[in-house]
Amino acid sequence: MELRCPACTSTLGTARRGRLSVGSPFQECSKCRTQVSRPSTNEWALLGSGEKTYWLCDRIAPFLLLGLAPALAYWALVIRDGTGDTRVLIALLSGGPLLLLFFPLSGALHAIRRSRARMADPMYRARLIEFGRRGLTRTAAATRKAD
Ligand SMILES: [Zn+2]
């Protein structure tokens, strides 16, 4: 989905529709400085606990399934024949997901850190509140609550 400035119709970039992401809820148009709302995007501190959980699960779930694949394959190919070692299965069950969790978790922590860094900037917070006043009252209220 293309993100366009409603004031001067210049293209600001692309935005993912539907999928919740952690980031600035607005983007400033480089031409006319209009604050353009980015769909399904908000700062970590402004997300509700349900949204935070959903966002984390949404990132982790595919990796978790991938991490279970070696254990499932081992169970299907070896254990069912009666020749496998249960300890190997347990190692695969615990090790696979843990190893693969590292990637989405480090990415998530990175996004949260960047979000916190933005929120620590008073200039950015002022712009965020200004953006909230223009329509998204929820953002403004949440910003005041975070103070
Ligand atoms: Zn513009």
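Trainee: Among contacts in the chain between residues at least 6 apart in sequence, what share joins residues at least 24 apart?

Mentor: In this predicted model, the share is 48%.

Trainee: What makes the chain more spread out than a compact globule?

Mentor: First the make-up: there are 4 helices and 6 strands, running β-β-β-β-β-β-α-α-α-α from the N terminus. The globule rule gives 15 Å for 147 residues, and the radius of gyration is 21 Å, well over that, so the chain is more spread out than a compact globule. The C-alpha trace spans about 70 × 35 × 20 Å along its principal axes. As for burial, 11% of the 147 residues count as buried.

Trainee: Why is α1 called roughly antiparallel to α2?

Mentor: The axes of α1 (residues 49-77) and α2 (residues 86-119) come within 8 Å and cross at roughly 155°. Angles over 145 degrees count as roughly antiparallel, so α1 is roughly antiparallel to α2. The crossing of α1 past α2 is right-handed, and their contact has 21 nonpolar, 3 polar and 1 charged residues.

Trainee: How do you know that Trp-44 counts as partly exposed?

Mentor: A residue needs 20 or more C-beta neighbours within 10 Å to be buried, and 12 or fewer to be exposed. Trp-44 has 19 inside 10 Å, so it counts as partly exposed.

Trainee: Where does Trp-44 lie, and which residues does it touch beyond four places away in sequence?

Mentor: Trp-44 lies in the loop between β6 (41-42) and α1. It touches Val-22, Ile-112, Ser-115 and Arg-116. Trp-44 and Arg-114, 70 residues apart in sequence, are 9.4 Å apart C-alpha to C-alpha.

Definitions and conventions
Residues numbered from 1 in each chain as written. Predicted model: local features only at pLDDT ≥ 70, side-chain atom pairs only at ≥ 80, totals over all residues. Axes fitted to C-alpha atoms, helices over the stretch in contact; angles between N-to-C directions. Helix = DSSP H or I, 4+ residues; strand = E, 2+ residues; numbered from the N terminus. Parallel < 35°, antiparallel > 145°, perpendicular 65-115°, else oblique. Left-handed = near helix turned anticlockwise from the far one by under 90°. Nonpolar A, V, L, I, M, F, W, Y, C, P; charged D, E, K, R; others polar. Contact = placed C-beta atoms within 7 Å. Rg over C-alpha atoms; globule rule 2.2 N^0.38 Å.
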